[in-house]
Amino acid sequence: MRHHQSSRYGRYDGGPDPLAPPIDLSEALDAVADDVMAGYSPAQALREFLRRGGRTMAGLDELAGRVQQKRRDLLGRHRLDGTLQEAKKLLDEAVLEERKQLARDIRMDDTDRAFREMQLQNLPASTAAAVTELADYDWQSDTARRAFEEIKDLLGRELLDQRFAGMKNALENATDQDRTAIAAMLRDLNELLDKHARGEDTPEDFQDFMDQHGDQFPEGPKDIDELIDTLAQRSAAAQRMLRSMSPEQREELMALAAQAFGSADLLDQLNRLDANLQGLRPGEDWTGAEQFDGGQGLGLGDGTGVFQDLAELDQLSDQLSQSTPGSTLSDVDVDRLARQLGDEAAADARTLERLEKALRDSGLLRRGADGDVKLSPKAVRKLGTSLLKDAASRLSGRQGQRDTRRAGAAGELTGSSRAWQYGDVEPWDVTQTITNAISRTVAEGSDPRAGLRIEVSDVEVQETEARTQAAVVLLVDTSFSMAAEGRWVPMKRTALALHHLVATRFRGDQLQLVQFGRYAQRVDIDELTALPPMREQGTNLHHGLMLATRFFRQHPTLQPVLLIVTDGEPTAHLLHHGGAGPEAWFSYPPDRETLRATIAELDRVGRIGAETTFFRLGSDPGLVDFLAAMARRVDGRVVAPEAEDLGAAVVGEFLRSRSHRSDRPDPDWTD
């Protein structure tokens, strides 16, 4: 029996797009990492990236700017006297048509005509007062009478439109029966709200009300709370509009409002409704005001809608600011954003939300024991990969060298292969591996044409020449000048690239990172990555060299390699006071004793046989002469890269020191 399954397709209604491509975290991670290395916390760095946005998506700051621009546009485009101006226009039309009728009615008594003309001539300047004075006037012109009655109808519809969006158009050309139905709805609504305020209402009361008057509420509230929320937001906007008018405009409007539908009952019911809603939702903004200075008049209903838009824009501005503790982008109302700024803005907000969530869920950020968000080891590895590729690209571009994926990875190939052993990082000999798998399959009585399965025992790797393992120390200057001269981030990027290279391509090597400012200390890569710019003075290369010497002596079987990144002459060294701990002595210009202690420690490094390279950042003559002399003492080298090329320079020198080849060209920027 055949089963039929039907499917229904419709327009996408928002929310996470199931067909959206995966979020690319690389740009975000690079930006976050750059800010972290510049001194931001990871949480701050993430917030800054979300504010700035990416190459192809708007950030929170741009969206917030567009929100503020629309707010300024609304205030600069409109004024609040639209209903008053429309009422005055109708009054002027009624008076003009009546005068025309008086002039052409030859059967009218001259005394009556003169009295009427005098009454029309002496109307008060106030529209409201003129309407009140003409309330009992016996109009001779049918056109004039209709125009005058339209004033009352207009005011009634505008007052209702303030509280119930769309009512102005719905009640155009309304009959007395329609007005009676509206009056009944208002009475029933106020009675329902009174009962709710006393806690005496039931769900059945709400349902009865909706059964009778639900066509007046296109929003379709599901319960009385939704009904109150909708009405209170619009009623509060109406109050803010009233408070934003000038005192003269308010007085004129209130006087006119008493004429709505020719009865004061409507205004009484609406005032009662406002009082009920304010009591039930005191948290709404009932007292705010705005300053409008545009030229486009707003009626009461449209003006209330503009005030609701302003309230939504203010809420969006607060959500986009992410200023509330614990706030996330899921707090941004994307439906409201689409309503105010369009679908493209909503799509940008959804992308930012997905990006934030993806970063938090990807394992690239983790929350430490102290509660702070930190770069995870996975993030450090990913960033190291990116930085190493960048360094390799710069190195290749300057020297014409091959990619570091092979350079020095496992020594030079001998042309033979051997069985894979645990810990081997040499490349596979694919041909021999497959041959082994075929031979084993045939020996087991199977046909390799039916499918070939490679087992660990089949794998052979390409044999390489023996490669000496190294103990590598990277000394990085963290004195004040490094931060002041913009060399802080390049220094940290360099350390991260070198760390990743050693960790992934030279697993047998040992790497020690040492920072030296007033004092020197060993640091892990994640500690160095998150290290904020140091503001202390002092370049204690002496202490850094002491730690390097100690590290080399802890690994006597490894070839020592020393890489030193600095932008200044030594200005501090350690003093020992018997049983007391060592103390840093600082002097600028450099003290002779500081130079003597530093040189003595460098000589110890030289006696160990360390291959030493100085990376000079800056061109101060004293620094140039000092480092050149230091390099000569230990048969070392001085490399003077630009800050942005530091990573490539350090990686290149490390690879040079690890290579048995002597024909590799020196870097173009070597002194």
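These legends walk through several close-up views of a predicted protein model.

Residues are numbered from 1 along each chain as its sequence is written. Because this is a predicted model, local features need pLDDT of at least 70 and side-chain atom pairs count only at pLDDT 80 or more, while totals for chains, interfaces and linings use all residues; side-chain values use heavy atoms, with hydrogens and water left out.

**View 1. The whole protein, for orientation.** The protein has 25 helices and 14 strands, both being DSSP runs numbered from the N terminus (helices are H or I with at least four residues, strands are E with at least two). Of its 671 residues, 45% count as buried, where buried means under 20% relative accessible area, exposed over 50%, and partly exposed in between (1.4 Å probe, protein chains only). The accessible surface comes to about 34,400 Å², and 46% of that belongs to carbon and sulfur atoms; such areas come from the Shrake-Rupley method with a 1.4 Å probe, and for residues only the protein chains shown count as cover. Among contacts (heavy atoms within 4.5 Å) between residues at least 6 apart in sequence, 71% join residues at least 24 apart.

**View 2. Where to read the model with care.** The mean pLDDT, the predictor's confidence in each residue from 0 to 100, is 82 for the protein, and 83% of the residues reach 70 or more. Over residues 399-410 the pLDDT is below 50, and the model gives this stretch 29 contacts beyond near neighbours in sequence. Residues 660-671 also have pLDDT under 50, with 28 contacts beyond four places in sequence.

View 3. Trp428 lies in the loop between β5 (413-419) and α18 (430-443), and it counts as partly exposed because its relative accessibility is 46%.

**View 4. Strand β8 and its two partners.** Five of the seven residues of β8 (residues 510-516) are buried, so the strand is mostly covered. Strands pair if DSSP finds at least two bridges between them. β8 runs parallel to β7 (residues 470-477), with seven bridges joining them, and Val476 stands opposite Gln515. With β9 (residues 520-523) the pairing is antiparallel, over four bridges; Leu513 has Val523 of β9 as its bridge partner. A hairpin of three residues links β8 to β9.

View 5. Thr83 is 217 residues away along the chain, yet the C-alpha atoms of Leu300 and Thr83 are separated by 6.3 Å. Not counting residues up to four places away in sequence, Leu300 touches Thr83, Glu158, Leu159, Gln162, Met241, Met245 and Leu253.

**View 6. Arg113 in helix α5.** The helix covers residues 110-121, and Arg113 counts as buried because its relative accessibility is 14%. Its contacts beyond four places in sequence are Leu102, Asp105, Ile106 and Met108. The C-alpha atoms of Arg113 and Ala103, 10 residues apart along the chain, are separated by 8.4 Å.
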